[in-house]
Amino acid sequence: MSRKILEVRGLSRIHGKGCPLCTQHTGPEFDTNICPFCGSVVAAHDINFDLYRGEILGIIGESGSGKSSTVKMLYFDDAPTSGQATFFDGAEQHDLFSLNAAQQRSMRNKRFGMVYQNPHMGLNFQISAGGNIAERLLMSDLKHYAEIRRRAGELLSRTEVSLARMDQNPKTFSGGMQQRVQIAKALATRPPLLFLDEVTTGLDLSVQAAILDLILEIQNELDTAMIVVTHDLGVIRLLAGRTLVMKHGRVIESGLTDQILEDPQHAYTQRLVASAL
Amino acid sequence: MTQAILTIEDYAKTFHLHERNKDIPSTSGVNLSVYPGRLTALIGPTGAGKSSVLKGIYRTYLPSSGRILFRTKAGNIIDLAKACEHQILELRKQEIGFVTQFLYCLPRKSAIDVVAEPLFARGVDSHEARGRAEKLLAQLAVPSHLWNVPPATFSGGEKQRVNLARGLIAQPRLLLLDEPTASLDPATTERVIKHIQSLKETGIAMLAIFHHPDLVRRLADEVVELSPPIAVTELSKD
């Protein structure tokens, strides 16, 4: 059986009405992703990659490079202008962008997980930490109260959130703990595919290290495939086996992470690596 | 002699620096073979490209030209210079190990878990993996009170031994060693020499760079000497 879990081909997203010249006059060589003719923003253009089971793929690039846009489309937070993504789920195969709204919701709730940079996007601050996890478990068809509570407790323990805080509102938590609750929530359905969008950005260094450690432990334990979006070379060095480098909506370089860091080929990647060391 | 596990034909590596529009040759014209149960030593002055050869094999560097032919456990020949990334990742997990001079690991992980990690990745039972890690750390004289502590606070020599143990534990078919004894005291170096000798007896093929000529004399079955490549090429702006 192939270990491929996700295949992305020609994925593109243009914000604005677009014109035939948009993709020809934007990109790294034009140093912009804004079309000079129609003003549309080429957020992502012709993104191609494969992801294998249990693999962590890093996507690195500066703000506006299209890394979050790419992940948002795959998680159905945004719709692509063109392109295909195929999700291989056991014996089943799903063309993600042909799914109807209900099927997409089901995919998000049961088979995918997302951890956002901003906990406000991933957590419901009207309810408790345990309630947040219960919400996701309910959406994945778990109905029994005691079972939901037991599983929520288990997930919070696994992500090192004290059980004493299970019934407290996450808005009273520190940034690092909010990220842990988000991770617990995302893992509630044991998804085979997890998206992590700048999950350690803005956290203290010691908290960052603990979150990265947790992510890697989970990947080892559950064999979860992950796409990690970050602008931090240290994060991909520790987490990702392979990395895509994005700029102005394009993948300008891809390779093994240690190769990207030690033998970058593209001028932009060379500058990025040189400025980080 | 048995068949080579690794054969390098005319390997060259040149770095192109876009910002300065320069080509910097690292090494060229490298030809060598590595055999099961034998150790090939790379020697040559600083800047001759010894590490560049090891990194080219491990694909940390993208080779500029040449072939790096690896015979897999299944008997297939794979050109590592051109193999796809997933194939390289799988070979790193199962067949090719690299002990570099630096230890990169997660800050909270204990020394035992850092060492056992390659076995976890292969799906070895965690109890067994940790047991093997303890045995190896003891063999390399890492004090037992450090085993459950993250290596971040260790001395250079202790980190190097943890790094070495991590590289050796999974017993890859091909082991690349980049100055594995560089920051070790004479007594520990002696332990490492004994360990490398015992690895040879188990049939592991090794390609190594050693800091000290005495180690080459004692451990190498084959010696390949590299010369520094020609000077940096300034490219025209056109």
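Tutor: Strand β9 (residues 242-247) of chain A pairs with β10(A) in the antiparallel sense, over 6 bridges. Two strands pair if DSSP finds at least two bridges between them. Strands (E, at least two residues) and helices (H or I, at least four) are DSSP runs, numbered from the N terminus. One bridge links A:Val245 to its partner A:Glu253 in β10(A).

This is a predicted model, in which local features need pLDDT of at least 70, side-chain atom pairs count only at pLDDT 80 or more, and totals for chains, interfaces and linings use all residues. Residues are numbered from 1 along each chain as its sequence is written, while chains are lettered from A and ligands numbered from 1 in the order in which they are written.

Chain A has a mean pLDDT of 93, and 99% of its residues reach 70 or more. Among the elements of chain A, β9(A) has the highest mean, 98. The lowest, 84, belongs to helix α7 (residues 205-222) of chain A.

Now step back to the sheet. Chain A has an open sheet of 6 strands, in the order β6-β7-β8-β3-β9-β10, with mixed pairing. At its edges stand β6 (112-115) and β10 (250-256) of chain A; each has a single partner strand, so one side of each is left without a neighbour in the sheet. From one strand to the next the twist averages 15 degrees. Such angles run from 0 to 180 degrees between N-to-C directions, along axes fitted to C-alpha atoms.

A:Val115 has A:Leu196 in β7(A) as its bridge partner. Both faces of β6(A) are covered. A:Phe112 and A:Met114 are buried on one side, A:Gly113 and A:Val115 on the other. Buried means that 20 or more other C-beta atoms, placed from the backbone, lie within 10 Å of the residue's own; 12 or fewer is exposed, and in between is partly exposed. In a regular strand the side chains alternate between the two faces of the sheet.

Next, strand β3 (residues 56-60) of chain A, which holds A:Ile59. This residue counts as buried because 27 other C-beta atoms lie within 10 Å. Leaving aside neighbours within four places in sequence, A:Ile59 is in contact with A:Lys67, A:Thr70, A:Ile227, A:Val229, A:Leu244 and A:Met246. Contact means C-beta atoms within 7 Å. A:Ile59 and A:Ile236 are 177 residues apart along the chain, yet their C-alpha atoms are separated by 8.1 Å.

Chain A has another open sheet, of 4 strands, in the order β2-β1-β4-β5 with antiparallel pairing. Its edges are β2 and β5 (92-95) of chain A, each with a single partner strand, so one side of each has no neighbour in the sheet. Here too the twist averages 15 degrees from one strand to the next. Strand β4 (residues 82-89) of chain A runs antiparallel to β5(A), with 4 bridges. A:Phe87 has A:His94 in β5(A) as its bridge partner.

A loop joins β1 (4-15) and β2 (41-52) of chain A, and A:Asp31 sits in that loop. Its phi is near 55 degrees, a positive value in a residue other than glycine. A:Asp31 counts as exposed because it has 10 C-beta neighbours inside 10 Å.

Helix α4 (residues 129-139) of chain A has buried residues too, among them A:Ile133, A:Ala134 and A:Leu137. Their cover includes α2 (101-111), α5 (145-158) and α6 (175-187) of chain A. Just after α4(A), A:Asp141 takes a positive phi of about 80 degrees.

Last, the partner chain. Chain B gives 17 residues to the contact, chain A 21. Helix α2 (residues 85-94) of chain B supplies 4 residues, the largest share of the chain B side.

Terms used: Contact = placed C-beta atoms within 7 Å. pLDDT = per-residue confidence, 0-100.
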